[in-house]
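Trainee: I would like to learn how to read a protein model feature by feature. Could you take me through one?

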Amino acid sequence: MGHFLIGLLVVILFIGNVIQEANGEISRSVLSKIERMNKRGPYLGIVAPNNFELNPLLASQAYVPYPSLPFIDFAGRRFRFGKISNQRVVIVMTGLGMVNAGVATQLLVSLFRLKGVLHYGIAGNADVNLEIGDVTIPKSWAHTGLWNWQRYGDGIDDELALEAGGDYTRNIGYLQFSNYSNQTENLLNRIWYQPEEIFPVTGTPEVREHVFWIPVDKSYLDLARQLEGTKLPQCVNTTCLPRAPKVTIVDRGVSASVFVDNAAYRTFLRSKFNATAVEMESAAVALICHQQSLPFVVIRALSDLAGGGSDVSNEADLFGSLAAQNSVDVLVKFVGLLPPHRSHKIQSQ
């Protein structure tokens, strides 16, 4: 009878924990682990998009996981703890797209004591002067997937729906679909790019602000400049790129939950926004860090010329792994430049 009661109690406690997790609550056991690890902080938060980019970092000799508690699982994410160079780090994988990246980054910064965030991975390229494998560090990021799609028949001087109330703006500009059509008329009309509504921790709750370009941290960018021009591996087995990839600071990167494999749209993003890296997560990471007043920087290796056009533009499957490894190598080099174990206040570039 005693064994039965003990077993029943274990089952009840287990069901209770499952219900807590299903409701989004932090169970007592997980909260205890979080509190334990936060006593060892602050950490450098590292955010990877998916396993393709995460696994090379985990396999790197530079990463040493904590033996006593190498990870904490919560809300479908695994937060890994360890050291890179002289830095304590906590690593999380986001998954595909802006929503996943925003959720994972918010969990990271809300659960753990951080002094900054590094995001890395691969990206499409919008600058024909750069090559596959080059590692870009943009100065600013924007989310280019928030639109006001204008009604057919309205022109560029017509007020957008809800514009008068401050919800939408024409200040950033638009994409005119008919500019890319063989027909004289295009029912899609145009889309106007919109800034994000944000709610900074330093502001008044529920009082929104708007932001489009989010600058990376100035001191992180200054450190990154020490890596500019660094030559990186250029060959996969016996197949090599035209030149050795390099690290380069660029003006801008853009993100949206859209995989861009279209040369016309790539050209538009380059001419309209002076964008280089084009991908699906970094602006979400930037927006969360900006709202939380945490310094951040993004390291993205170019895996292809978005939409094709170069001699090796169709070799992304071959050189994608090289680009992912290059992003990890530059991340590790960057971490090695950081001073050890001190808090860090955000500075705008």
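This is a predicted model: local features need pLDDT of at least 70, side-chain atom pairs count only at pLDDT 80 or more; totals for chains, interfaces and linings use all residues.

Trainee: How many helices and strands does the protein chain have?

Mentor: Helices (H or I, at least four residues) and strands (E, at least two) are DSSP runs, numbered from the N terminus. Here the protein chain has eight helices and 18 strands.

Trainee: What share of the residues count as buried?

Mentor: Buried means under 20% relative accessible area, exposed means over 50%, and partly exposed lies in between, using a 1.4 Å probe and protein chains only. Of the 349 residues in the protein chain, 50% count as buried.

Trainee: And what part of the contacts joins residues 24 or more positions apart?

Mentor: A contact means heavy atoms within 4.5 Å. Among contacts in the protein chain with a separation of 6 or more, 75% are between residues 24 or more positions apart.

Trainee: Now helix packing. At what angle do α4 and α7 pack?

Mentor: Axes are lines fitted to C-alpha atoms, for helices over the stretch in contact, and angles run from 0 to 180 degrees between N-to-C directions. Helix α4 (residues 97-111) and helix α7 (residues 282-291) pack at about 35°, with axes 8 Å apart.

Trainee: Is the crossing left-handed or right-handed?

Mentor: The rule is that a crossing is left-handed if the near helix is turned anticlockwise from the far one by less than a right angle, and right-handed if clockwise. The crossing of α4 and α7 is right-handed.

Trainee: Which residues of α4 and α7 meet?

Mentor: From α4 come M98, A101, G102, T105, Q106 and V109, and they meet A283, A284, V285, I288 and C289 of α7. The residues of this contact divide into eight nonpolar, three polar and no charged. In that scheme Ala, Val, Leu, Ile, Met, Phe, Trp, Tyr, Cys and Pro count as nonpolar, Asp, Glu, Lys and Arg as charged, and the others, Gly among them, as polar.

Trainee: How many residues of α7 are buried?

Mentor: Nine of its 10 residues are buried, so α7 is largely enclosed by the rest of the structure. Among them are L287 and Q291. After α7 comes S293, with a positive phi near 55°.

Trainee: How many aromatic pairs does the structure hold?

Mentor: Rings of Phe, Tyr and Trp (its six-membered ring) pair if their centres lie within 6.5 Å; planes under 30 degrees apart count as stacked, over 60 as edge-to-face and the rest as tilted. The structure holds 15 such pairs. In one of them, the ring centres of Y193 and F273 are 5.2 Å apart and the planes are at 85°, so the pair is edge-to-face. Y193 lies in strand β10 (residues 190-193) and F273 in helix α6 (residues 263-273), so the pair ties together parts that are 80 residues apart in sequence. Y193 is buried at 0% relative accessible area, and F273 is buried at 3%. Both belong to one aromatic cluster, whose members include W147, W213 and F268.

Trainee: Which ring does the charged end of R78 sit over?

Mentor: A charge sits over a ring if NZ of Lys or CZ of Arg is within 6 Å of the ring centre and within 35 degrees of the ring normal. R78 has its charged end over the ring of F71, 3.8 Å from the centre. R190 lies over the face of Y174, 5.6 Å from the ring centre.

Trainee: Last, the backbone. Where does P42 lie?

Mentor: P42 is in the loop between α2 (28-38) and β1 (43-48). The peptide bond from G41 to P42 is cis, with omega near 5°.

Trainee: Is N189 buried or exposed?

Mentor: N189 is buried, with 6% relative accessible area. This residue is in the loop between β9 (174-176) and β10, and its phi is positive, near 55°. N274 has a positive phi near 55°, and it is partly exposed at 30%.

Conventions: Residues are numbered from 1 along each chain as its sequence is written. Side-chain values use heavy atoms; hydrogens and water are left out.
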